[in-house]
Amino acid sequence: MLENEKAELEETINIIKENKSEKSILLQKELTEHLDKLYEKIYDLPEPTNIISTFNDYIKNFEIWMKILANRAVFHAKNTKLKFDSGKLLKSKLKRLDFITINFEEALLHSSRASLNILELKQSVITANKNSIYGAYGEQKVVETLQSLSNEYILINNFEYSFEKALYNRKLNEYVKSVQIDHILVAPSGIFIIETKNWSKQSVDNRNLYSPAQQVKRANFILYILLKRFKAKSLFNFNQHWGNRKVPVRNIVAFINSKPEQEFDFVKLVTLSQLLPYIKYFTPIFTNNEVEDVADYLLKISEHRTVDSWLKVY
């Protein structure tokens with residue numbers, strides 16, 4: 001853009017100089033034509049024969065000379081204005097051309113500053129929200145993967161729940177008051193808690209980041225409490241004469257990019273390609289009505305409830 005501007009400036013400067021010269025010539029030609037006509041009128045004045053004709057001749061001669069002076073004054077004013085306007089415009093263009101030629105890098109930075117400001121703003125927003133962006137992308141990839149399941153599966157996205165008083169989790173030795181779960185898949189074979197991580201290899205190896213395995217275990221503890229309440233209220237036959245019927249809850253951390261090589265107790269680490277085979281591996285134990293009943297209960301108690309807060313996958 002600067003190179004094009006430089007070429008356009010050079011062309012414009014030449015045009016300004018040419019126009020100035022041409023207009024000055026036209027003004028001079030116009031003045032000469034007017035003066036020639038006025039001089040002819042002077043030459044055409046008749047010879048005075050008496051005092052009265054001499055006086056009249058003097059008056060006409062005076063009027064013509066006043067017109068000659070007026071034409072010269074108008075020419076001078078127009079020519080001065082032409083020089084001023086052309087010179088001002090020419091000076092501006094020459095100044096810009098010199099700046100671009102001598103200080104090209106500075107001119108480049110100055111010309112691109114507005115665009116750079118917009119890019120820097122976008123970059124700052126993306127940097128500030130990159131974890132949310134990567135996380136949302138990862139969760140969407142998991143949803144797309146689970147959409148190939150039959151309508152016997154029900155997916156609840158972004159499940160949230162809070163207790164009035166924090167509960168003590170003996171296994172993790174901590175108090176838990178609330179939970180947020182990326183996905184809960186209610187399946188014929190049980191319930192799957194799915195935590196999504198769209199992490200790089202560097203993040204996977206970073207020991208300072210909070211373990212997603214611990215995160216999903218905390219979610220399991222909360223879901224265990226909630227399902228215990230559900231079984232107590234359930235209209236379906238979850239309580240049998242042999243004892244309380246078990247509702248299996250399995251923990252999954254789905255990795256979009258890199259996945260740790262290690263295995264962990266009570267948590268299955270999978271890639272997207274491993275997610276469906278792992279879910280389908282287990283034997284069905286619930287009817288469709290029981291699956292829908294459990295999903296309906298979890299959906300009703302979830303604090304995050306929007307039109308897309310749960311998805312029945314076909």
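How many helices and strands are there in the chain? I counted seven helices and eight strands. I kept in mind throughout that this is a predicted model.

**Entry 1. The chain overall**

I looked up burial for the chain as a whole. Of its 314 residues, 33% count as buried.

I began with helix H1, which runs over residues 2–43 and has 42 residues. From its first C-alpha to its last I read 60 Å, close to the 62 Å expected at 1.5 Å a residue. I listed the buried residues of H1 as Leu-2, Leu-9, Ile-13, Ile-16, Leu-27, Leu-31, Leu-35, Leu-38 and Ile-42.

Next I went to helix H3, residues 104–146. Where does H3 bend? I found the bend at Asn-129, and its angle is about 70 degrees. The buried residues of H3 are Ala-107, Gly-138, Val-142, Val-143, Thr-145 and Leu-146.

**Entry 2. The nonpolar cores**

I looked for the largest nonpolar core and found 34 residues in it. Phe-159, Ile-184 and Leu-298 have the most contacts inside this core. I noted which elements supply at least two residues each: strands E1 (154–169), E2 (174–187), E3 (190–197) and E6 (249–255), together with helices H5 (212–233) and H7 (288–301). Which of them gives the largest share of this core? That is H5, with 10 residues.

**Entry 3. Ile-279**

I picked Ile-279, which is found in helix H6 (residues 272–280). Is Ile-279 buried or exposed? Its relative accessible area is 0%, so Ile-279 is buried. Not counting residues up to four places away in sequence, Ile-279 touches Leu-146, Tyr-153, Leu-185, Ser-189, Phe-192, Ile-194 and Ile-252.

**Entry 4. Aromatic rings**

How many aromatic pairs does a search of the whole structure find? I got six. The ring centres of Tyr-168 and Tyr-175 are 5.1 Å apart. Tyr-168 is partly exposed, at a relative accessible area of 39%, while Tyr-175 is exposed, at 62%.

I then took the pair of Tyr-281 and Phe-282, which is edge-to-face. Here I read 5.3 Å centre to centre and 85 degrees between the planes. Tyr-281 has 66% relative accessibility and therefore counts as exposed. Ring pairs link Tyr-281 and Phe-282 with Phe-192 and Tyr-278 into a cluster. Phe-192 is also one of the residues that Ile-279 touches.

Which charged end sits over the ring of Phe-282? I found that of Arg-250, 3.7 Å from the ring centre.

**Entry 5. Glu-290**

I looked up Glu-290, which is found in helix H7. Why does Glu-290 count as buried? Its relative accessibility is 7%, and the cut-off for buried is under 20%. I also noted Ala-187, which is 103 residues from Glu-290 along the chain. The C-alpha atoms of these two are separated by 9.6 Å.

**Entry 6. Positive phi**

I noted two residues with positive phi. Asn-158, a residue other than glycine, has a phi near 55 degrees. Asn-158 has its place in strand E1.

Phe-266 is not a glycine either, and its phi is about 65 degrees. Where does Phe-266 lie? I placed it in the loop between E6 and strand E7 (268–271). Phe-266 has 69% relative accessibility, so I put it down as exposed.

Methods:
Residues numbered from 1 in each chain as written. Predicted model: local features only at pLDDT ≥ 70, side-chain atom pairs only at ≥ 80, totals over all residues. Heavy atoms only, no water. Phe/Tyr/Trp six-rings, centres within 6.5 Å; stacked < 30°, edge-to-face > 60°. Buried < 20%, exposed > 50% of the residue type's maximum accessible area, 1.4 Å probe, protein only. Lys NZ or Arg CZ within 6 Å of the ring centre and 35° of its normal. Bend = angle between axes of the 7 residues up to and from the residue. Helix = DSSP H or I, 4+ residues; strand = E, 2+ residues; numbered from the N terminus. Expected span 1.5 Å × (residues − 1). Core = buried A, V, L, I, M, F, W, Y, C linked by side-chain atoms within 4.5 Å. Contact = heavy atoms within 4.5 Å.
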